[in-house]
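Here are some numbered points to read alongside the model, written for someone who is opening it without having seen it before.

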Amino acid sequence: MNFEELCLDTRILRAVTEMGFEQASPIQAKSIPIALEGKDMIGQAQTGTGKTAAFGIPLLQRVDPHSKKLQAVVLCPTRELAIQSANEVRRLAKFMHGIKVLPIYGGQEISKQIRSLKGGVQVIIGTPGRVIDHINRHTLKLEQVGTVVLDEADEMLNMGFREDIELVLEKMPEQHQTLLFSATMPKPILEIAKNYLVEPETVKVVKKELTVPKIDQFYYEVNPRKKNEVLSRLLDMYDPELSLIFCNTKRKVDELVEDLKGRGYFAEGLHGDMKQSQRDRVMNGFRNGRTDILVATDVAARGIDVDDVEAVFNYDVPQDDEYYVHRIGRTGRAGRSGRAFTLVVGREIYKLKDIQRYCKTKIKRQPIPSVDDITDIKAEKILEKASDIIESENLAKMIDILEEHLDEKEYSALEMAASLLMMQMGENSSGEMAKEDFGDTGAEPGMVRLFINIGKKNRVRIGDVLGAVAGESGMEGDLVGAIDMYDNYTFVEVPREYAADVIDAMKHAKIKGKHVSVEPANGKR
Ligand code: AMP
């Protein structure tokens with residue numbers, strides 16, 4: 001469904017267009033019309049399906065920017081989600097002047113939040129405990145609230161927020177709309193719905209029976225800032241003749257094509273904003289081999305018809321299980337073998353697990369290839385070609401030239417072969433150590449254990465370390481692993497792909513006002 005039909009407010013439509021959304025995701029197409037009618041609603045949807053915009057768009061259309069009163073309350077389970085959703089709703093409200101959206105969560109100084117609230121905020125997105133706190137202090141006034149959203153309701157219950165949620169719901173004014181989103185529908189959620197929602201409509205994205213083609217599927221857990229680097233390593237390593245890369249937005253397609261071209265790949269983009277003549281040009285280039293990488297959105301890829309795509313890359317995790325199946329079905333056609341690769345950032349792993357469950361398929365995790373791995377694979381390919389030449393060509397003349405040269409210079413044949421191999425491999429093949437390689441730090445598999453020179457004696461708590469590590473590096477808090485705190489120092493485990501960034505970010509950070517030093521732990525410690 002088009003956003004033109006869902007965003008009655010043209011300012012929101014403008015924002016959605018700028019964000020590069022090409023079509024409404026299934027949960028958006030179903031829930032926005034119901035929410036716009038003012039009805040209560042229960043939406044069954046996971047993270048990554050576009051549910052923030054599914055409640056954000058109708059919520060904003062009901063907000064009056066001329067009133068500075070609080071008009072919408074979104075409750076969500078974690079600080080990270082509060083910040084993330086607030087950013088998304090702010091982006092949607094970009095052209096609606098006068099609308100303020102504020103995330104409020106425990107752990108942040110309450111006085112700072114009170115100051116922001118006093119300035120007039122129409123939408124708050126917060127964790128239940130802290131929202132109650134503000135209600136009790138009368139720093140949040142609910143009389144004008146028209147919309148309440150429970151986001152990831154099942155997660156909030158798992159975290160023990162049921163009482164808090166019910167308290168907030170009880171304090172709502174008589175006339176208000178409640179939208180409840182949850183990935184699963186256990187009994188307590190249904191009880192909340194029964195007690196607090198009025199004749200709610202239930203929205204569920206109906207899953208069709210999906211058959212996934214039998215192709216090898218892999219995923220890589222990546223740091224968002226390293227996505228392009230990881231993608232180019234995969235392209236180098238597998239060197240597919242034709243690849244199709246999927247992004248979730250038009251904007252991302254343009255950015256990625258630009259980046260890939262800058263790295264020397266023959267890549268072109270395909271999305272809904274392009275004229276038919278432009279699309280034809282791109283598709284012709286792809287069919288006749290001038291372009292070997294096509295970057296596309298789901299919508300744009302629908303119309304294309306090429307059979308021999310060797311690899312499909314999901315640069316973004318698709319928003320719907322069905323998209324995943326359509327995407328990877330582009331490879332492995334006509335009896336050919338194919339591969340599908342998915343880059344996963346943080347919590348998107350849950351979406352991927354969901355895809356695996358519904359599509360009854362196995363997507364295997366793989367470590368990000370190091371520069372060394374790529375060197376090995378490239379060398380193997382060149383040597384295979386060389387073997388073919390030995391088998392099929394007459395090399396007498398070349399052997400004469402080499403013999404003469406080797407005699408003269410006193411090199412061994414092996415040295416000469418190695419240097420010719422290096423030449424063939426081009427630049428960047430010296431086998432430089434991958435930046436992410438920290439050796440054994442004594443951490444769990446997939447993690448790196450970091451040493452921080454601050455501990456209990458500095459009156460630091462585990463929460464301070466967690467907050468600093470996640471906050472400074474932009475990593476989600478729940479990705480941080482074990483934290484062991486001693487008197488003078490602390491160990492914290494972080495996912496391998498984030499370790500370099502954490503070390504980097506912490507160089508300028510302070511914990512409890514003190515500069516700290518962070519380094520990979522010595523595995524034997
Ligand atoms: P959410 O499920 O709300 O966490 O959204 C996941 C991601 O999808 C966010 O980065 C959104 O900006 C993005 N997104 C939401 N709706 C769309 C859409 N219709 N098309 C493309 N991306 C979207």
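1. Among the helices that line the second largest pocket, α17 gives the most, with 9 residues. The model is a predicted one, and the points that follow should be read with that in mind. Alongside α17 (371-392), the helices α18 (396-409) and α19 (413-425) each supply at least two residues of the lining of this second largest pocket.

2. The second largest pocket holds about 1000 Å³ of space, and its lining is made up of 25 residues. Those that lie nearest the centre of the pocket are I382, A386, I389, L420 and Q424. By residue class, the lining of the second largest pocket divides into 18 nonpolar, 1 polar and 6 charged residues.

3. Turning to the ligand, a reader may ask which of the 17 residues around the ligand come nearest. They are Q23, Q28, G48, G50 and T52. The helices α4 (51-61) and α5 (79-92) each supply at least two residues of the shell around the ligand, and the residues of that shell divide into 3 nonpolar, 11 polar and 3 charged.

4. A polar side-chain atom of Q28 lies 2.8 Å from a nitrogen atom of the ligand, while a polar backbone atom of G50 is 2.7 Å from an oxygen atom of the ligand. In the case of E88, an N or O atom in the side chain is 3.0 Å from an oxygen atom of the ligand. On its own the ligand has 500 Å² of accessible area, and the protein covers 83% of this.

Note on methods:
Residues are numbered from 1 along each chain as its sequence is written. This is a predicted model: local features need pLDDT of at least 70, side-chain atom pairs count only at pLDDT 80 or more; totals for chains, interfaces and linings use all residues. Side-chain values use heavy atoms; hydrogens and water are left out. A residue is near a molecule or strand if one of its heavy atoms lies within 4 Å of it. A polar contact is a pair of N or O atoms within 3.5 Å; within protein, one must be able to donate a hydrogen and the other to accept it, and residues adjacent in sequence count only if both atoms are side-chain atoms. Accessible areas come from the Shrake-Rupley method with a 1.4 Å probe; for residues, only the protein chains shown count as cover. Helices (H or I, at least four residues) and strands (E, at least two) are DSSP runs, numbered from the N terminus. Ala, Val, Leu, Ile, Met, Phe, Trp, Tyr, Cys and Pro count as nonpolar, Asp, Glu, Lys and Arg as charged, and the others, Gly among them, as polar. On a 1 Å grid over the protein atoms alone, a cavity is a set of points where a 1.4 Å probe fits but cannot get out, and a pocket is an open set with protein on both sides within 12 Å along at least five of seven lines; lining residues have an atom within 4 Å of a point. Grid points are joined across faces, edges and corners, and a volume is the space filled by probe spheres set on the points.
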